[in-house]
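Come and read along with me.

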Amino acid sequence: MNPATDNDPPAGTAAHPDLPGPLAFQLVLLRRMADHHPTLVEDALRQLGASRAQMREANRRWQARMHSPRARAGIQPYRALLGVPETVTTRRIGDLTCEALTWPVPLWPDLRFEVLTAPGGGAWNAWLVRAPGAAGPDLRTTADLVPWSCTVDEVARAFAPARPMEGSAPTRWRLACTAPDPDGTPRNVVAEFTWGLYQRRADIDGPANT
């Protein structure tokens, strides 16, 4: 039995409804990662002092907030849990000018949670990124692709050119790229991410053509 499923908790183990917002949001992040790495999630829950029931309840409340007919699109759901952003900067992406808002994530101190908002306030991207000034991993081979160690942007730069692919859910991304094995053999791989953080890879078509 997978300990991190969405099954209802046993009687008497319901999550406390008044978790601090930043803690509740970290539990939301973890719930989406539990499908890939339940053991890592269990370790993270212990670090946060939270239970699986609290994680499920935090995710249930988040989903209800995001899908409510009365929900306001944009940055409001993130502000409601995370509070005042650490930074707000203007960013130019192609012809689009947007705002990038970031918040610290205590579970991953070298990362920040970033939300990009388009003109009008709609949130069009939300994921984990490397914190300014924090050293990222040295990605050279497939062996360096370690779960929870790198972000979408870091993998895309390390193994360029990378091709974005549709994920299995709105919080998931996939990148198709070519990365060498430790022995130098190039491999066609698909790297999978949840909330922008690397989870796992799949090798496709065997060794890449050279």
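I began with helix 3, whose 16 residues reach 22 Å from first C-alpha to last, close to the 22 Å expected at 1.5 Å a residue. (The expected span is 1.5 Å times one less than the number of residues; helices are DSSP runs of H or I with at least four residues, numbered from the N terminus.)

I noted that this is a predicted model, where local features need pLDDT of at least 70, side-chain atom pairs count only at pLDDT 80 or more, and totals for chains, interfaces and linings use all residues. Residues are numbered from 1 along each chain as its sequence is written, and side-chain values use heavy atoms, with hydrogens and water left out.

Next I looked up how helix 1 (residues 21–33) meets helix 3 (residues 52–67): their axes come within 8 Å and cross at roughly 95 degrees. (Axes are lines fitted to C-alpha atoms, for helices over the stretch in contact, with angles from 0 to 180 degrees between N-to-C directions.) That makes the two helices roughly perpendicular, the word for 65 to 115 degrees.

Then I turned to the rings. Which residues form one aromatic cluster? I found Phe25, Trp62, Tyr78, Phe113 and Trp195. (Rings of Phe, Tyr and Trp, the last by its six-membered ring, pair if their centres lie within 6.5 Å; planes under 30 degrees apart count as stacked, over 60 as edge-to-face and the rest as tilted.)

Last, I checked two of them for burial (under 20% relative accessible area, 1.4 Å probe, protein chains only). Tryptophan 62 counts as buried at 4% relative accessibility, and tyrosine 78 counts as buried at 7%.

How values were computed:
Parallel < 35°, antiparallel > 145°, perpendicular 65-115°, else oblique. Buried < 20%, exposed > 50% of the residue type's maximum accessible area, 1.4 Å probe, protein only.
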